[in-house]
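Q: I'm new to this one and would like to go through it piece by piece. Could we look at it together?

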Amino acid sequence: MRTGIDPDVVGYGDFYKVLTSVVVPRPIAWVSTRSVTGVDNLAPHSFFTVSCVAPPMVQFTSVGKKDSLRNVLETGEFVVCLATESMFEQVNATGTDFPAELSEFTEVGLTPEPSVTVTPPRVAESPVALECRLEHSLELGDSTVVIGRVLHAAVDTDVVRTDARGNSLPAIDRLRPLARLGRNEWSTIGEVLDIARIPYARWPGRPARER
């Protein structure tokens, strides 16, 4: 038995709660920006993903017209920092609706670190930062999708592991990223499952004539 939910009937606000309860877990873009008057802003955005490989781009969605969005549109720059398990309370605190003239770095007690290619600072306590230049913005209803081209990635060597093939990449158990769930719920990485994709040439059910 299933329950049907019509967004036009329950209203978009209540249906938003349904969406964020089932589109889980959601990675968090901890977005750093700087206003045209020089105030540094930092806020978590849980509608976040990779949007392009070549050239590399990432995107986050601002629901409503928040400081992060205004700063990005006015300056064309932002930094996405990794939100980690150890900074859970600080990440949550930067979601407070501080006045635009106050910096979350100062209010929450985080260290701004100069970026290499853009003006907004990185979070020094975060192990990974993606410095981005605004590529596109797309308004959808009450939200705006922000797509940024990644100009530079700063990765703490402590979270990097070299595998048997000689690839040195950030390791999930060292990154310990946070993710958002529904309600006021958050999650950590939990159990990690590791499985390789099966090429069609080795697919067990492949017809014998194609082998």
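Q: What covers the buried residues of α3?
A: In this predicted model, the cover over the buried residues of α3 includes the strands β2 (29-34), β3 (40-45), β5 (57-63) and β6 (77-82), along with β9 (128-140) and β10 (143-155).

Q: And which residues of α3 are the buried ones?
A: Helix α3 spans residues 67-75, and its buried residues are Asp67, Ser68, Leu69, Asn71 and Val72.

Q: Which sense does β2 pair in with β3, and over how many bridges?
A: The two strands pair in the antiparallel sense over six bridges, with Ser32 having Leu42 in β3 as its bridge partner. They form a hairpin with five residues between them, and Gly38 in the turn has a positive phi of about 95°.

Q: How many bridges join β2 to β6?
A: Four bridges join β2 to β6, and these strands run antiparallel; Val31 has Val80 in β6 as its bridge partner.

Q: New topic: in what order do the three strands of the open sheet come?
A: The order is β1-β13-β14, with antiparallel pairing. Because β1 (26-27) and β14 (186-187) stand at the edges with a single partner strand each, one side of each is left without a neighbour in the sheet.

Q: What stands opposite Pro27?
A: Pro27 stands opposite Ala179 in β13, and two bridges join β1 to that antiparallel strand, residues 179-180.

Conventions: Residues numbered from 1 in each chain as written. Predicted model: local features only at pLDDT ≥ 70, side-chain atom pairs only at ≥ 80, totals over all residues. Heavy atoms only, no water. Buried < 20%, exposed > 50% of the residue type's maximum accessible area, 1.4 Å probe, protein only. Contact = heavy atoms within 4.5 Å. Pairing = 2+ DSSP bridges.
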